[in-house]
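These are my notebook entries on one structure. I wrote down what I looked up, entry by entry.

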Amino acid sequence: MAIQRRFHAKSTDANGIYKKIRQNGPKHASFWTGTRVSLLVLMALAACSAGWLFLLWGDDITETLVWQSEIVQLPRVFKVPCSEDYNKHKRYPGCTPQTCGRAVTDHVVTREEASALRRLAERGLSVGGSDGGASILDLHSGALSMGKQFVNIYRYFGDQIKEIFSEEDFHLYRDVRGRIQQVIAETFGLDASLLYLTKPTFFSRINSSAAKTTHDEYWHPHIDKETYGSFDYTSLLYLSDYRTDFGGGRFVFMDADGNRTVEPRVGRVSFFSSGSENLHRVEKVEWGTRFAITVSFTCNPAHAINDPTLP
C-alpha cells in the first residue's frame, strides 16, 4: 500500500518523513505534547503520597482482585472511601462520585470485539510508534506516537487514512464506548446522560523497550483527578492477555494497606472513581506487548469530547 511505502521512508529518508514530523508534530498534537509537563507535575505530586507506600510494600502485590483466568459476569465491585479531591471542583448532582471504588467485568465487551479493536490499534500504530516502549493512538484528537513526539494521523495521511481505518472500525469503537459508559453509570448509581466522554481517551501499546522520553515512562504512581482535573471516572479495556501476550504490565492500586492488582484479560473492563482513593501505577512490561484502551469520563459538560468520526 501507499501508506506502507510512505512509512518505509522513516528508515530511508531522514529529510523526508522526519522533517515533516518535526514541522507538523507540535501543532498537530499539542494536547499530547503538553502531557510532558503534566507528567512531570504528576510525578512530583505523587512522590509524597506514594513514596511511603513504596517503602511499606515495594513492588510486591499483596492481593489479586481478579485473576486473568476468571470470567466475571456482573461487575465485581470493591468499594473504597471517597477522597476529598472532588471538593476542589464543582459538584454535579447525579454524577460527581458519592460512592467510590473500583470494579471489573468481562461481560460488556466480547473477546471478538476486543480483538477487532486491537487490530484497529495495530493498523494505526503500524504507521508510527514511539522510539521507546510506550505508544499511543488517540482517535479523537488524531494524536499518534511517532519517534520521540506526536503527529496528527488524520492530517498527516489525509485521504489515505481510509487505507488504515474503516467506518466499521469507528462504529465498533463508538458502540463499545457507549457500553462502558452505561456500565459505569449503573455500577456507581449515576444518570448516564450526565456522564461525558473526556480527554485523553486513547489506545496504548506497551512493550519492554527502554524509555526514550518522559512519554514512555508509564509506570509512575499517579492520581487521575490530580493529573487531569476533568476526570471523574476512568476505565480500561484490555486488548491482550496477561501471561499469554505479555508479562508484567499489571494495573496496581496502591492502597495504604497493600498493593492490589487486576490481571488483564482480552475484553476485560476495569473502571474506578478517579480521585486519590485510587492512586495507581502500571508495572513495567517485562516481555511481549500489552494493548489497552483508556476511556475517560467527566461530569463537567464543558470538558466533554465527541465520539471520533472517520474524516
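How many cavities of 30 Å³ or more does a search of the whole structure find? I searched and found three. The model is predicted, so I kept to its limits: local features need pLDDT of at least 70, side-chain atom pairs count only at pLDDT 80 or more, and totals for chains, interfaces and linings use all residues. Residues are numbered from 1 along each chain as its sequence is written, and side-chain values use heavy atoms, with hydrogens and water left out.

Entry: cavities. I noted that a cavity, on a 1 Å grid over the protein atoms alone, is a set of points where a 1.4 Å probe fits but cannot get out, and that lining residues have an atom within 4 Å of a point. Grid points are joined across faces, edges and corners, and a volume is the space filled by probe spheres set on the points. I looked up the second largest cavity and read a volume of about 50 Å³. Its lining consists of Leu117, Tyr173, Val176, Arg177, Ile180, Leu237, Ile293 and Val295. Helix 6 (167-188) and strand 16 (290-298) each supply at least two residues of this lining, and helix 6 gives the most, with four residues.

Entry: the chain. I counted seven helices and 16 strands; these are DSSP runs, numbered from the N terminus (helices H or I, at least four residues; strands E, at least two). Of the 311 residues, 55% are buried. Buried means under 20% relative accessible area, exposed over 50%, and partly exposed in between (1.4 Å probe, protein chains only).

Entry: Ser296. I placed Ser296 in strand 16. Ser296 has a relative accessible area of 0%, so I wrote it down as buried. Leaving aside neighbours within four places in sequence, Ser296 is in contact (heavy atoms within 4.5 Å) with Tyr196, Leu197, Thr198, Pro200, Thr201, Phe231 and Tyr233.

Entry: aromatic rings. How many aromatic pairs does a search of the whole structure find? I got 11. Rings of Phe, Tyr and Trp (its six-membered ring) pair if their centres lie within 6.5 Å; planes under 30 degrees apart count as stacked, over 60 as edge-to-face and the rest as tilted. Tyr228 and Phe231 are stacked, at 4.9 Å centre to centre with 25 degrees between the planes. Phe231 counts as buried because its relative accessibility is 2%. Phe253 and Phe272 are edge-to-face, at 5.5 Å centre to centre and 90 degrees between the planes. Phe253 lies in strand 11 (residues 251-255) and Phe272 in strand 13 (residues 269-273), so this pair ties together parts 19 residues apart in sequence. Phe253 is buried at 0%, and Phe272 is buried at 1%. I also noted one aromatic cluster formed by Phe188, Tyr233 and Phe271.

Entry: charges over rings. A charge sits over a ring if NZ of Lys or CZ of Arg is within 6 Å of the ring centre and within 35 degrees of the ring normal. Arg102 lies over the face of Phe253, 4.1 Å from the ring centre. The charged end of Lys284 sits over the ring of Trp219, 4.4 Å from its centre.

Entry: Arg123. Arg123 is in helix 4 (residues 111-126). I recorded Arg123 as partly exposed because its relative accessible area is 31%. Arg123 and Glu163 are 40 residues apart in sequence and 9.4 Å apart in space, C-alpha to C-alpha. Not counting residues up to four places away in sequence, Arg123 touches Ile164 and Asp169.

Note on methods:
On a 1 Å grid over the protein atoms alone, a cavity is a set of points where a 1.4 Å probe fits but cannot get out, and a pocket is an open set with protein on both sides within 12 Å along at least five of seven lines; lining residues have an atom within 4 Å of a point.
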